[in-house]
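I opened a new notebook page for this model. My plan was to look up a few places and write down what I found.

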Amino acid sequence: MKTNKEPWWKRSVVYQIYPRSFMDSNGDGIGDIQGIISKLDYIQKLGVNVIWLSPVFDSPNDDNGYDIRNYRTILDEFGTMEDLDQLIREAEARDLRIVMDLVVNHTSDEHKWFVESKSSKDSKYRDYYIWREGKDNLPPNNWGSVFSGSAWEKDDATDSYYLHLFSKKQPDLNWENEILRNDIYEMMTYWLDKGIGGFRMDVINFISKVEGLPDGKVGQGQLYGDGSPYFMNGPKIHTYLKEMNERVLQNYDVLTVGEMPGASPKDAQLYTNPANKEVNMVFTFEHMDLDSGPFEKWDAKPLDLVALKHNLEKWQHALHGVGWNSLYWNNHDQPRVVSRFGNDQEYRVTSAKMLAICLHMLQGTPYIYQGEELGMTSVRFDSIEDYKDIETINMYNSKIEQGIPEDTIMRGIYAKGRDNARTPMQWTSDGGFTTGTPWIQMNPNTTEINVEQALNDSSSIFYTYQKLIEMRKQHDIITYGSFHLLFPNDPKLFVYKRQTEKEEWLVISNFSNSTEKLQWTSCEVDGLSGKVIIANYDSLEIDEQGISVRPYEAVVLAFERRL
Ligand code: NOJ
């Protein structure tokens, strides 16, 4: 149960800002730091106490800031270091802490370390990156990059290849090099000394690669090998994270969350057990991969709710009393959840609220991605020309080359493309994001879905999120209660209980557009005695026997525990 030394981030809710798309203060069509400052009151009104800021550092923007040219300067388009200091101060005045993105698996190829590293085999920075000789004019191994093509790029001047798990403008850093690690720790200290609230660590479980960098298996229909067994959760990952903690993090009371594709609950137990002194929590990907076909994410298939429930149950149980979960449906890399697991047409509002309730009642720290609190939807641009995301564009080009029909490719982009999340924040019915031309088109449905509308409508999705955030501050059971999944094989309803010694909450969510019956006896509660904590319909259809759970309905009922 709650102890006096409760870490502050256990009861926190984090709001993620993707700066390019949040708010533009100077009319250049690109969101910026002053824009964020101008909206802090809005974020405060929602009630969160942490903002995770996607990268604002100097960058050539090959991957929208996840390719950092200088860790200690701010990208001109976003503003200046003074702006950022102001943001930290003004946020603090509203009880908001700023968590920065730590991108240290790779830098930009324009970072001075890489420019030096590339300049000669004798450079003192050569070993900051992963250089290898080719084999008979072919790359050192068969790994594919996450952004299509080979994971190796040849440098003719020194006749060798460097590794880039992402774009060729994102060379991977060589964490074997102690001097590099020290430089990174110094840079982290620089930021923490500014008073930031922690780090979200980009693909941090990729930093340790298996020696020898063996070839990966080539999957059906794939051109390159899958190197992930040799770089995800690699041999020295725990050593590095412990070192980082000891050298830097332990000196500050901050939130750390490692983005960790391919981390299993067992891995996460090791990463997040406080005794191990690594990170507070991780972003798992397992629940985000459940609507992908067997070969890759673009091959979208409908969500299998039973699989989702089993997956979330596995994570809830694995980390209860051991480590800590992060909870998310959305971020800048994922399509909008209401379009993905909900119904973004007739049940948009209801299903967005249901998804919020279902997620926020789990144990862990929830993350809300900008616009999620409005029920912003995914987008369908007519032409590939309208898309900006490097992953999407590279995938499109590579598939066109392979002769895959364009409509098949576009279907994948509509379902899974990252630009679904990156259209500008919808402030007003005519956008309100910029006075200029936005860097990426607005979703046309800003006419109906926008902040102004949401704030003026007391039954909007925004207020459901606000209430969920407030509830977390008041009810220990949300933070500490145990988790029990009911009806694990029901394909439409997601029903679970949270329990403490004193109370029991029943969380019912309908992921379908049909009405489903639920009997109280099979939930082992006396339904009519339950107190409604939150719901997304005005009243419930219940009697002594049970409840009719209407399309996308969600309700949380609280009971005293009969022991
Ligand atoms: C994960 C980030 O979330 C994503 O946006 C980025 O493209 C890759 N890491 C590479 O930094």
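Contact means heavy atoms within 4.5 Å. The model is predicted, so I kept to its rules: local features need pLDDT of at least 70, side-chain atom pairs count only at pLDDT 80 or more, and totals for chains, interfaces and linings use all residues. Residues are numbered from 1 along each chain as its sequence is written, and side-chain values use heavy atoms, with hydrogens and water left out.

**Entry: helix 8**

I started with helix 8, residues 305-319. Its 15 residues reach 21 Å from the first C-alpha to the last, close to the 21 Å expected at 1.5 Å a residue. The expected span is 1.5 Å times one less than the number of residues. Next I asked which residues of helix 8 are buried. Buried means under 20% relative accessible area, exposed over 50%, and partly exposed in between (1.4 Å probe, protein chains only). I listed Leu305, Val306, Leu308, Lys309, Asn311, Leu312, Trp315, Gln316, Ala318 and Leu319. These buried residues pack against helix 7 (265-272) and against strands 11 (281-283), 12 (326-327), 14 (482-486) and 15 (493-499).

Then I checked both ends. At the start of helix 8, a side-chain oxygen of Asp304 comes within 3.1 Å of the backbone nitrogen of Val306. That is a polar contact: a pair of N or O atoms within 3.5 Å, where within protein one must be able to donate a hydrogen and the other to accept it, and residues adjacent in sequence count only if both atoms are side-chain atoms. Just after helix 8, Gly321 has a positive phi of about 75 degrees.

**Entry: the ligand**

Which residues are closest to the ligand? I found Asp63, Asp202, His332, Asp333 and Arg418, out of 13 that surround it. A residue is near if one of its heavy atoms lies within 4 Å. The shell divides into three nonpolar, three polar and seven charged residues. I read off distances to ligand oxygen atoms from polar side-chain atoms: 3.0 Å for Arg200, 2.7 Å for Asp202 and 2.8 Å for His332. Taken alone the ligand exposes 290 Å², and the protein buries 97% of that.

**Entry: two loop residues**

Is Asn443 buried or exposed? It counts as buried because its relative accessibility is 4%. Asn443 lies in the loop between helix 13 (419-422) and helix 14 (451-456). Its side chain reaches the backbone oxygen of Thr377 at 3.2 Å. Beyond four places in sequence, I noted contacts of Asn443 with Thr377, Ser378, Val379, Thr423 and Gln426.

Pro235 sits in the loop between strand 9 (198-201) and helix 6 (237-247). At 57% relative accessibility, Pro235 counts as exposed. Leaving out residues up to four places away, Pro235 touches Ser208, Lys209 and Val210.

**Entry: positive phi**

Ser148 has a positive phi of about 75 degrees, and its loop runs between strand 6 (131-132) and strand 7 (152-155). Ser148 is partly exposed, at 27%. Tyr552 has a positive phi of about 55 degrees. Tyr552 is in the loop between strand 19 (546-549) and strand 20 (554-560). Tyr552 is buried, at 7%.

Note on methods:
Helices (H or I, at least four residues) and strands (E, at least two) are DSSP runs, numbered from the N terminus. Accessible areas come from the Shrake-Rupley method with a 1.4 Å probe; for residues, only the protein chains shown count as cover. Ala, Val, Leu, Ile, Met, Phe, Trp, Tyr, Cys and Pro count as nonpolar, Asp, Glu, Lys and Arg as charged, and the others, Gly among them, as polar.
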